[in-house]
Structure formats: C-alpha cells, structure tokens
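The entries follow the order in which I consulted them.

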Amino acid sequence: MSGLERTLLLDVRDLRVEFRTPLGTVRAVDGLSYQLYENEIVGIVGESGCGKSASQLAVMQLIQSPPGFISGGEVIFGGKDLLRHKRNGPEMRAVRGGQIAMIFQEPMTSLNPVITIGGQLVEAVQLHCGLGGQSGKERAVELLKMVGIPAAERRVNDYPHQFSGGMCQRVMIAMGLSCSPQILIADEPTTALDVTTQAQMLELMKSLVKRLSTSLVIVTHNLGVVARYVQRIYVMYAGRVIEEGSTKDIFGRPRHPYTLGLLKSVPRLDEVQGTRLVPIEGMPPDLIDMPGTCAFLPRCPYSVERCQTDPWPELTSVGDGHRIRCYVDLESCPVEHAIA
Amino acid sequence: MFGAVVIVIMVLVAFLAPVLAPYDPYQPDMQNSLAPASADHWLGTDALGRDTLSRLIYGSRTSLVVGLSAVAAALVLGGLLGTAAGFLGGVVQAVIMRVVDTLMAIPMLLLALTLAAVLGGGLKNVVIAISISMIPPFARLMFAQTLTIKERDYVASLRSMGATRWRTVFGHVMPNAYPAVLVFGTMMIGNAILGEAGLSYLGIGITPPGAAWGAMVNAGFPYLLSNPLMSIAPGVAIMLVVFAFNMVGDGLRDVLDPRLRGTM
C-alpha cells in the first residue's frame with residue numbers, strides 16, 4: 001500500500017452492467033470503480049450475486065449479450081478505454097488472454113474434454129505468442145513444469161479427464177499466464193477445490209505473478225482466501241463498492257457495517273472458544289427494484305435516521321486509501337465494534 | 001457385432017461384385033426367364049431371365065453408394081446449417097430453423113419422393129433427393145448440440161483467451177458434437193438405403209435396367225406366388241442392411257458415450 005511510484009495499470013470508472021430480463025432490468029454492477037496497480041494483488045469480495053463476477057466479465061467484454069449490457073463506465077487500460085473496442089474485434093481479442101487473462105471457477109469443465117492438455121496449451125500460446133508446432137509443444141511442457149505438474153513431458157499428452165481438479169486448475173493458471181499477461185483475473189479460483197488444494201493454488205498463483213510481474217485480481221466470496229494473499233480489498237454489495245482499503249485496514253479496522261458483519265460471520269483462530277458466529281440477518285436485496293437509499297439498510301444493525309431518508313452516500317475517505325460508503329462511523333460505536 | 005459383420009460383408013460384396021456375380025446382371029436371357037432356384041441360378045431368374053443373385057450383388061453397390069453419399073452430403077450441409085443457427089443465433093437462427101422446422105413437418109420419404117419426381121430418376125438425382133430430405137434432421141441435431149456446447153465453460157474460457165469465433169466453432173464446438181452426429185449419421189445410412197429402395201420400388205428411383213433392390217422387389221411383385229424369391233431375396237437384403245446400420249449406430253453410441261462405458 002506504500003510507495004508513491006506505483007503505476008496505475010487498470011482503472012475502472014463508474015462501470016455499469018445491467019441484465020434486461022422479462023421481469024425487469026437487473027443492475028448487476030451499478031457504478032463500480034476500482035484501480036489495479038502494477039505488481040499488485042487485489043481482492044474483490046462480496047456475496048453471491050453482488051456483481052463481482054459480472055464486473056470482471058464486463059472488463060473483458062465477455063458479458064453474454066443479450067441479456068447483459070454494459071450500460072456505462074470506462075475501463076482504462078494502457079491509456080485506452082477497453083469498452084470502446086468492438087466486442088469481438090481484433091483489439092479486444094488481443095487484450096483477452098494476451099494482456100488480460102482470466103481463470104474461472106470450474107477447472108474441470110473449463111478445459112475441452114476432447115483435446116489433450118498439451119493441445120490446449122499450444123492453442124493458447126499460438127493465439128498470442130505465435131508459437132506453433134514444435135516450439136509450441138516445448139512451451140506447453142515448460143508451462144506445465146512451471147505450475148508444478150510432475151512428469152510434464154508425459155502428461156502433456158493426457159486428456160483433461162485424466163487430471164484431478166487441482167491439476168486442471170494448475171493447467172488453467174498455466175494457460176492464463178502462458179503469454180505473460182499484465183493482468184490475471186481469477187474469478188473464484190479456489191471455490192471448486194478442496195481446502196488443502198486451495199492453499200496450494202493461491203501460493204502458486206502468488207509466486208507466479210510475482211515472478212512474471214503480473215498483477216492479480218482475485219474475485220471471491222471467501223474472506224479467508226484473500227486475507228493472506230492480497231494487498232488491497234474492495235468489498236462489494238449490490239453492485240457497488242461499499243468499502244475499500246488495505247488488507248490490514250479491512251481486517252483490523254473495518255468501518256462499514258457490512259464488512260464488519262462479514263468478518264463477524266467467519267470463524268477466527270485467535271477467538272476465545274465458545275464465541276458464537278454472528279450471521280448477517282436477512283437476504284441480499286433484489287437488484288431489480290433498488291431503493292434510492294443504502295441497499296444494506298434493511299439488514300443494517302447500525303442504521304441511523306439519516307439512512308432512511310438520504311440517498312446512498314458516495315465513497316468517503318476515512319484514512320489512507322481507506323474509503324467507505326456509509327453515514328455511520330463505526331469508530332464511534334465502541335461497544336459493538338469491539339466484538340470484531 | 002452382428003451389424004458390423006453384415007456391413008463388412010456388404011461392403012466386400014459391393015467391391016467384389018464383378019468377381020462374385022456368377023452372371024452379367026444386365027444381360028437378358030429369354031430362354032431362362034422366371035427360372036426357379038437351381039444349382040445354376042441360386043435365387044432363380046427374373047422375367048427377362050437375368051440372374052437374381054447377380055442382380056442382388058450389383059444392387060448392393062447402388063444401396064451403398066446412395067446410403068453413404070446421401071448421408072455424407074446431408075451431414076455436411078445440415079451440420080453447417082445447424083451449427084450456424086446455433087452459434088450465431090438471432091436472425092440467422094430464426095430463418096434457418098423455421099425453414100428446417102417446416103421441412104421436418106413433411107415426412108422424409110414424401111419429401112424425397114416429391115424431389116425425385118421433380119428431378120427425375122437416376123442414381124445422381126436419387127442421391128440429391130434423399131440427401132435434401134435428410135438435411136433437416138441433421139440440422140436440428142447439430143443445432144441442439146451447438147446450443148449446449150456453446151454454453152460450456154471451456155467455450156467461455158476460450159473466449160477469455162481471445163480465440164476467434166471460427167476457431168471456437170471448428171476447433172472446439174464441432175469436435176465435441178462429433179460423437180452424437182456420427183451415431184445419428186450411421187443410423188441415417190440405413191434410412192437412406194430404405195429411402196432409395198422405396199423410391200426405386202415406386203419406379204422413380206433407379207431406372208431399369210439398373211440393379212437396385214427396391215426396383216427388384218417391385219419387379220418380382222407380379223410373380224410373388226410363382227417365384228417368391230424374386231421379391232423376397234432383395235426384401236430380406238434391404239431389411240438386413242438397414243437393421244445392421246441401426247445396430248452399428250447403437251453400438252457406436254455405447255462406445256462413444258463415456259457414461260455408458262464399462263456398463264456394457
């Protein structure tokens with residue numbers, strides 16, 4: 001979080017994504033802004049349906065359309081607004097995989113079952129590095145070694161069903177990093193894996209992006225995943241960022257009631273035994289008919305009168321790079337806050 | 001297994017027809033017309049004295065050529081149409097699939113019959129008529145396959161890697177659709193052979209003196225009581241071959257469907 005010489009790599013401004021359904025327009029992403037700097041690992045955290053995946057797909061212009069539409073905002077990358085490129089045009093294709101790569105949630109189904117692992121890796125390097133034939137195959141073996149697949153020379157000819165889930169995810173990571181992109185977006189990269197494999201995968205990604213000086217965006221609903229690996233966190237709720245800050249700030253001094261609620265609902269090692277987990281009451285809001293007021297209001301235990309009448313506040317700074325979207329200052333509720 | 005054996009035999013017979021056939025299938029021999037089965041003519045002769053066995057052997061060529069080429073043409077054309085409709089969606093899908101649906105409403109044989117009647121007889125026209133009548137089912141199958149495959153995670157993952165749509169379709173969607181299309185195609189060969197037999201039986205398919213099983217069944221019809229073999233032999237041949245292709249299609253499905261693998 002320190003250092004003044006950080007270069008901004010990706011600047012997402014006021015991104016809006018909506019899904020036009022017969023029941024109404026769902027504002028999945030409603031004015032999302034976030035930044036990613038060089039050599040940085042950033043976490044985007046939130047419940048299911050808060051728009052975290054949709055926002056990442058929108059950055060890559062991969063939103064299924066219809067019903068999805070990017071209705072506003074800018075994605076500044078390399079001095080250009082990516083949203084101005086044609087969806088399937090050559091500029092956008094050059095960005096996808098070449099400069100910004102993406103890893104998805106389900107490693108087992110993200111690989112084509114009828115093509116060998118090697119064949120798919122060769123295809124990836126062919127697309128952006130122009131390496132075909134023998135040199136492509138050598139690169140594929142190299143990539144498999146890089147992500148720690150044993151006996152890579154032999155396994156390069158295997159089919160996806162001969163690999164375990166963790167190994168498939170390693171292949172996906174290899175494929176994502178095959179052309180040394182500047183940004184790797186990992187959308188729930190560990191959700192489908194068991195706990196021991198999750199840690200291995202995160203360690204692997206962390207060491208690889210460091211080695212290749214790639215920036216990493218980890219999208220997850222699991223706060224535990226991001227705690228150890230990311231430098232900054234954006235907490236999303238109902239399509240917007242409600243709190244952003246360094247990992248230390250978010251975990252040590254959460255200032256938004258929702259973030260606090262999330263942290264209180266996760267077990268901690270340093271907790272006194274017998275302490276109860278506190279769930280967040282209620283359900284995430286229906287994104288079709290959003291009230292003008294704070295979307296978290298119906299579930300918020302700290303709400304004040306102003307919350308009922310005034311519109312959802314803008315992000316306001318409460319410290320060095322630490323911003324929240326809330327009228328209440330949790331620091332002034334010392335008793336409640338102590339629980340966290 | 002049985003189906004494969006029958007098909008292998010049929011292919012061999014078709015290739016070796018000149019060697020295997022004891023007589024010239026087109027040479028009339030009026031002195032020997034309507035001969036019953038004997039050591040000289042195992043299945044007897046027809047009204048013009050032509051050897052039924054020889055004509056049966058040469059007829060296998062017609063059936064095989066029509067079956068394979070009609071299905072191949074229908075598979076390629078129908079497959080491309082279905083893929084385009086499924087992958088591109090929108091107006092392309094609406095136009096292609098509505099036309100296909102309309103054609104599906106007409107029974108396949110009736111469609112082939114109409115086409116053959118318009119185009120006229122002969123091997124080439126029979127192949128054209130049957131393959132056109134078979135395009136709709138292939139287009140439908142490929143459409144359905146494309147719709148499911150294009151939603152798979154690996155297609156999304158490919159797009160995120162910057163793959164072009166051509167590469168996605170030809171490199172990834174089609175190879176994944178191939179087992180289903182292969183199974184269906186094999187079964188359709190039987191249908192195509194049956195279709196050709198039907199057309200020839202009705203006299204608008206392979207024209208005399210060409211040897212075709214359907215035409216032979218028809219030619220033997222007036223002599224069904226005196227010389228039943230003339231109709232029954234080609235009839236049994238049609239039945240066996242169609243049955244064989246269906247069996248092989250079933251077998252292929254079991255082999256290609258990984259979920260059924262190991263349960264057989």
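Entry 1, a strand pair. I began with strand β1 (residues 8-21) of chain A, which is joined to β2(A) by 11 bridges, the two running antiparallel. For one residue pair I looked up the partner of A:Leu15 and found A:Leu32 in β2(A). I note here that the model is predicted.

Entry 2, the sheet around that pair. I then asked in which order the strands of this sheet lie. The order is β2-β1-β4-β5 in chain A, an open sheet of 4 strands with antiparallel pairing. At the edges I recorded β2 (24-37) and β5 (80-81) of chain A, each of which pairs on one side only.

I next asked how many residues of helix α1 (residues 52-59) of chain A are buried. The count is 8 of its 8 residues, and the helix is thus mostly covered. The buried residues include A:Lys52 and A:Gln56 as well as A:Leu57 and A:Val59. After α1(A) comes A:Gln61, for which I read a positive phi, near 55°.

I looked up A:Ser180, a residue other than glycine, and read a positive phi near 45°. A:Ser180 sits in the loop between α6 (165-177) and β7 (183-187) of chain A. I also looked up A:Ala238, likewise a residue other than glycine, with a positive phi near 50°. The loop that holds A:Ala238 runs between β9 (232-237) and β10 (240-246) of chain A.

I listed 12 helices and 12 strands in chain A. The radius of gyration of chain A is 21 Å, which agrees with the value near 20 Å that a compact globule of 340 residues would have. The C-alpha atoms fill a box of roughly 70 × 50 × 45 Å along the principal axes. Buried residues amount to 42% of the 340 residues in chain A. Of the contacts in chain A with a separation of 6 or more, 65% are between residues 24 or more positions apart.

Entry 7, the contact between the chains. I noted that 20 residues from chain A and 15 residues from chain B take part in the contact. On the side of chain A that touches chain B, the elements giving two or more residues are α2 (90-95) and α3 (117-129) of chain A. The largest share, 3 residues, is that of α3(A). By type, this side of chain A divides into 10 nonpolar, 7 polar and 3 charged residues.

For chain B I recorded a mean pLDDT of 89, with 97% of its residues at 70 or more. For the complex the predictor gives an ipTM of 0.77 and a pTM of 0.81.

Methods
Residues numbered from 1 in each chain as written. Chains lettered and ligands numbered in written order. Predicted model: local features only at pLDDT ≥ 70, side-chain atom pairs only at ≥ 80, totals over all residues. Rg over C-alpha atoms; globule rule 2.2 N^0.38 Å. Buried ≥ 20, exposed ≤ 12 C-beta atoms within 10 Å, placed from the backbone. Contact = placed C-beta atoms within 7 Å. Nonpolar A, V, L, I, M, F, W, Y, C, P; charged D, E, K, R; others polar. pLDDT = per-residue confidence, 0-100. Pairing = 2+ DSSP bridges.
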